Amino acid sequence: MKNILIIGSLGQLGSEIALECRKRYGDDHVVLTDIRNDVNKPLVEGGPFYLVDARDGQSVDAIVKKHNIDTIYHLAAVLSARAEKDPLNAWNLNMGGLIATLEVAKTNGCAVFTPSSIGAFGPTTPKQYTPQDTIQRPTSIYGVTKVAGELLCDYYYHKFDVDTRGIRFPGVISNMTPPGGGTTDYAVEIYYEAVKSHHYTCFLRGDTYLDMIYMPDAVQAAIQIMEANPAKLRHRNAFNIAAMSFCPEEQAAYIRTHIPDFTISYDIDPVKQAIADSWPDSLEDYAARVEWDWKPRFDLAAMTSDMLTTIQRRSE
Ligand code: AKB
């Protein structure tokens, strides 16, 4: 039986990975931490939960020992657009939290999952079907922390034999916990506004292509890679995964198949647009497919239908 610690458990990815892990491994075997406890009561009260700053390695170490943790999901991070507002804070949190986790993992023999991102690429990276191993010169501070994080996890694996694993996530779209401060947040907001007001004002240009993934596939990927046979993993900390690539115009067209009078307009945010323009249009994910059998279930049509039905049902 696994004993799992999820750091940053009330964020967009954390809350849904936590929910699925508690279902699979049992409430008492999934310990959660976050810097707040004022949201998602069922998660906070549904099993062990601690109010802890991800950078506080001493407290994390004590939790790991107390609960005999063998696997840590490190999900505390400032996302791309918010990071540009305070780059020093983003560096301190993203890197400080990760190194504290890796040190605890080294001392206690834990495996570590760390999400990287399409933000780990930059304007000199090939834009279409971006290869697994390619140029990585990101121009956002978020991207800088993601590349540094990939390298740091590689270092702890090679130097200290810590079982580090990770995925470069596309924009994650979910109907439970809203994202916060990301460049890809528009792709979530658009569904809520479509149901509420049949109109959305988008902060990216209509022809901006980015890779996206639906949350059930993202959760499945994070759990699947941690359960994969380590002997098959060549890349470990930075697997490209791809599920769908689309631009706001295309997403709006799919929404119109459910809500025919839906309209979209544009009010471009220059900071977010510059970040999006520096990221790939679409990733190639062959390594993930052969090394740990990655296969998404949702494309844009299936995701749009599920998102709109779920949001509609909740708003009734
Ligand atoms: C963001 O937009 O910052 C994130 C990401 C793609 O890493 N969703």
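Which residues are linked with Glu20 in a network of salt bridges? I will come back to that in a moment, after a few words about the model itself.

What we have here is a predicted model, in which local features need pLDDT of at least 70 and side-chain atom pairs count only at pLDDT 80 or more, while totals for chains, interfaces and linings use all residues. Residues are numbered from 1 along each chain as its sequence is written, and side-chain values use heavy atoms, with hydrogens and water left out.

Now to the network. Glu20, Lys23 and Arg24 are the residues linked by salt bridges, where a salt bridge is a side-chain nitrogen of Lys or Arg within 4 Å of a carboxyl oxygen of Asp or Glu. Between Lys23 and Glu20 the closest N and O atoms are 3.8 Å apart, and between Arg24 and Glu20 they are 2.9 Å apart. Lys23 and Glu20 both belong to helix α1, three residues apart, which is about one turn of the helix; Arg24 and Glu20, also both in helix α1, are four residues apart, again about one turn. When I speak of helices and strands, I mean DSSP runs numbered from the N terminus, with helices being H or I of at least four residues and strands being E of at least two.

As for exposure, buried means under 20% relative accessible area, exposed means over 50%, and partly exposed is in between, with a 1.4 Å probe and protein chains only. On that scale Lys23 is exposed at 64%, Glu20 is partly exposed at 21%, and Arg24 is partly exposed at 37%.

A search of the whole structure finds 15 salt bridges. One of them joins Arg289 to Asp285, with the closest N and O atoms 2.8 Å apart; here Arg289 is partly exposed, at 35% relative accessibility, whereas Asp285 is buried, at 8%.

Let me turn to the overall layout. The protein chain is divided into domain 1, covering 4-172 and 212-240, and domain 2, covering 175-211, 244-281 and 297-315, with the bounds coming from an automatic or database domain assignment. The C-alpha centres of domain 1 and domain 2 lie 25 Å apart. To their contact, which means heavy atoms within 4.5 Å, domain 1 gives 31 residues and domain 2 gives 31 residues.

How much area do domain 1 and domain 2 bury between them? The figure is about 2,500 Å², with 59% of it on carbon and sulfur atoms, and buried area here is the accessible area, taken with a 1.4 Å probe, that two parts lose on being put together, summed over both. Of the area that domain 1 buries against domain 2, Lys127, Met212 and Tyr214 supply 34%, more than any other three residues.

Across this interface of domain 1 and domain 2 the rule finds two salt bridges. Elsewhere in the list of charged pairs, the side chains of Arg297 and Asp217 meet in a salt bridge, at 3.7 Å from N to O. Across the interface of domain 1 and domain 2 there are also 14 residue pairs in polar contact, both residues being at pLDDT 80 or more. A polar contact is a pair of N or O atoms within 3.5 Å; within protein, one must be able to donate a hydrogen and the other to accept it, and residues adjacent in sequence count only if both atoms are side-chain atoms.On the side of domain 1 that touches domain 2, the elements that each supply at least two residues are α1 (12-25), α4 (80-85), β7 (171-173), β9 (210-214) and α8 (215-227).

I will finish with some loop residues. Thr125 sits in the loop between β5 and α6 (141-160), and Thr125 is buried, at 5% relative accessibility. The side chain of Thr125 reaches the backbone oxygen of Ile135 at 2.7 Å, and, not counting residues up to four places away in sequence, Thr125 touches Thr130, Thr134, Ile135 and Gln136.

Asn40, in the loop between β2 (30-34) and α2 (41-45), has a phi near 50 degrees, a positive value in a residue other than glycine. Asn68, in the loop between α3 (57-66) and β4 (71-74), has a phi near 55 degrees, which is also positive. Asn40 is partly exposed, at 26%, whereas Asn68 is exposed, at 57%.
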